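My entries follow in the order I made them.

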Amino acid sequence: MRQCVWRATAGLVLSLSSTMAWAEEWNFSAYGTLGYAVSDRPYSYLRFIDDQGTFQRDSVLGAQLDLRFNPQWAATVQAKVAPSMGNDNKWGVNTAWAFLSWRPNNDWLLRAGKQRLPLYLNSESVDVGQTYAFARLPPHFYALMPSNDFTGAYASRSWVAGAGDASLDVYTGEAPLTIRTWTRDEGAGYIADRTSYLGTALTWHLPESTWRVGAHRLVIRKKDGTDMGANFPYVDAGGGLGYYRLISALPGPPIGMASHKTIHIYSFGFEQALQPTWRLSGEVARSISPGQAGHNWSTIAGYVALQHDMGRFTPYVSLSRLKSLGTMARVSESLDAVQWPGNVPNADLINAIHRAGADYVSAYDERALAVGTSLSVTPQSKLKFEWMRTEIGKRSGLVDSPSTGVVRQQHINVLTANYSFVF
């Protein structure tokens, strides 16, 4: 694996070296965050954070090369080192951006290659902590998408709109998608999927504010091309007992299968200056996946934040919410509710299957309050501190529940300190 990374890196360097020879000008930049977080709970939250502390959750190192060949044509390549998406104990190197852009005039911009989805207000700078005051962008909203990247085509049209300017972005493409799952008995697992994207976003920039609305469609398929479970029938076993047929080894009506699942996401975000030193911002998104009772990703997520610029200090407070809706939450609770007595044949098997199925659904019900501040050490670096208190309701897919039971009706306190820079 290490040899593959070095070979890929060497190939990228040689390719960039030859490409730079054609460029009229080029610019190299780098960014990074060294972040430490610790909670008051022994189980993991946001994948890595527990009472032992971790540097894995927020630390990242990246570099970007911008090439301009002439006034119309340019290219951007960005690579980063961050925790692997397919292994909790490893770090990985991946290309975050690699696209060619063409600007035929001041109103149009076309891109082709690997780039960011225009979903969040901070989509393009989500990894560059120096560009925002938060120690961590509100995770209950920014965890909405398993991946923020795609490879495909992107078109943007800009025009003057009143006292500001507006832009309409349209994009389409695909991306490999690794979905992390967690079960109380087996721990972390990883599902290899492939996602197709199609969407649009309208952004309006004014001197004192920014507004964005978007509509996005995701179509997720298994990477190996096989069908995925969509609906799981309930089987009445008699005597007041029953089970959900989550695996084909159990007898009962056929499991409803589908070649893909579709998720629609509708988003809205804003940032508004209230006074010269006060800013209010917020984002909200509603995701809908119709017809997928077992794997329904219907959720609502959002946050609102208030920041106050005080010279080198920028204290802030944010409130965020993430909640599963529809069948997703009900299926998870139903699976946990079905428990067979230990003296009934196959009780252990049925209970284990239900237990794993309830964990796999990954329903969400939580809210959080975060209070923090950033300190501008230099114009290119920031030191940040934050306390976040999360209240877990019925359950949360952002928590790795221990084998002793589902984490519910609990709070988690997280302390974060990090240093972010660009150069």
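I began with strand E11 (residues 234-238) and strand E12 (residues 241-244), which pair in the antiparallel sense over four bridges. For the names I kept to DSSP runs numbered from the N terminus, helices being H or I of at least four residues and strands E of at least two. Two strands pair if DSSP finds at least two bridges between them. Gly238 stands opposite Leu241 in E12. The hairpin of E11 and E12 has two residues between the strands, and Gly239 takes a positive phi near 65° there.

Notes on the source. This is a predicted model, in which local features need pLDDT of at least 70 and side-chain atom pairs count only at pLDDT 80 or more, while totals for chains, interfaces and linings use all residues. Residues are numbered from 1 along each chain as its sequence is written, and side-chain values use heavy atoms, with hydrogens and water left out.

I noted four helices and 20 strands. The radius of gyration is 23 Å, close to the 22 Å that the globule rule gives for 423 residues, so the protein is as compact as a globular protein of that length. That radius is taken over C-alpha atoms, and the rule is 2.2 Å times the number of residues to the power 0.38. Along the principal axes, the C-alpha atoms fill a box of roughly 75 × 50 × 45 Å. Of the 423 residues, 47% count as buried; buried means under 20% relative accessible area, exposed over 50%, and partly exposed in between, with a 1.4 Å probe and protein chains only. Among contacts with a separation of 6 or more, 61% come from residues 24 or more positions apart. Contact means heavy atoms within 4.5 Å.

Strand E2 (residues 60-68) and E3 run antiparallel and are joined by eight bridges. E2 and E3 form a hairpin with four residues between them. E3 also pairs with strand E4 (residues 91-105), in the antiparallel sense, over 11 bridges. Lys80 in E3 stands opposite Gly62, and Lys80 also stands opposite Asn94 in E4. Eight of the 11 residues of strand E3 (residues 73-83) are buried, so E3 is largely enclosed by the rest of the structure.

I took a nonpolar core as a set of buried Ala, Val, Leu, Ile, Met, Phe, Trp, Tyr and Cys residues joined through side-chain atoms within 4.5 Å. The largest has 44 residues, and those with the most contacts inside it are Tyr45, Met145, Tyr197 and Ile265. Strand E7 (residues 164-183) gives the most to this core, with four residues. A second, separate core of 13 residues includes Val235, Leu246, Val338 and Val361. I then listed what Ile265 touches beyond four places in sequence, and found among them Leu119, Leu144, Met145, His216 and Ala285.

How many aromatic pairs does the structure hold? I have 18. Rings of Phe, Tyr and Trp (its six-membered ring) pair if their centres lie within 6.5 Å; planes under 30 degrees apart count as stacked, over 60 as edge-to-face and the rest as tilted. Phe268 and Phe270 have ring centres 6.2 Å apart and planes at 25°, so the pair is stacked. Phe268 is partly exposed at 33% relative accessibility, whereas Phe270 is buried at 15%. Tyr120, Phe141, Tyr142 and Tyr303 form one aromatic cluster. Arg111 lies over the face of Tyr154, at 5.4 Å from the ring centre; the test asks for NZ of Lys or CZ of Arg within 6 Å of the ring centre and within 35 degrees of the ring normal.

Most residues other than glycine have a negative phi. Arg47 is not a glycine, yet has a positive phi of about 80°. Arg47 is found in the loop between E1 and E2 and is buried, at 15% relative accessibility. Asn346, also not a glycine, has a positive phi of about 70°. Asn346 lies in the loop between helix H3 (327-337) and helix H4 (347-361) and is exposed, with a relative accessible area of 54%.

Leaving aside neighbours within four places in sequence, Arg41 is in contact with Asp50, Asp51, Gln410, His411 and Ile412.
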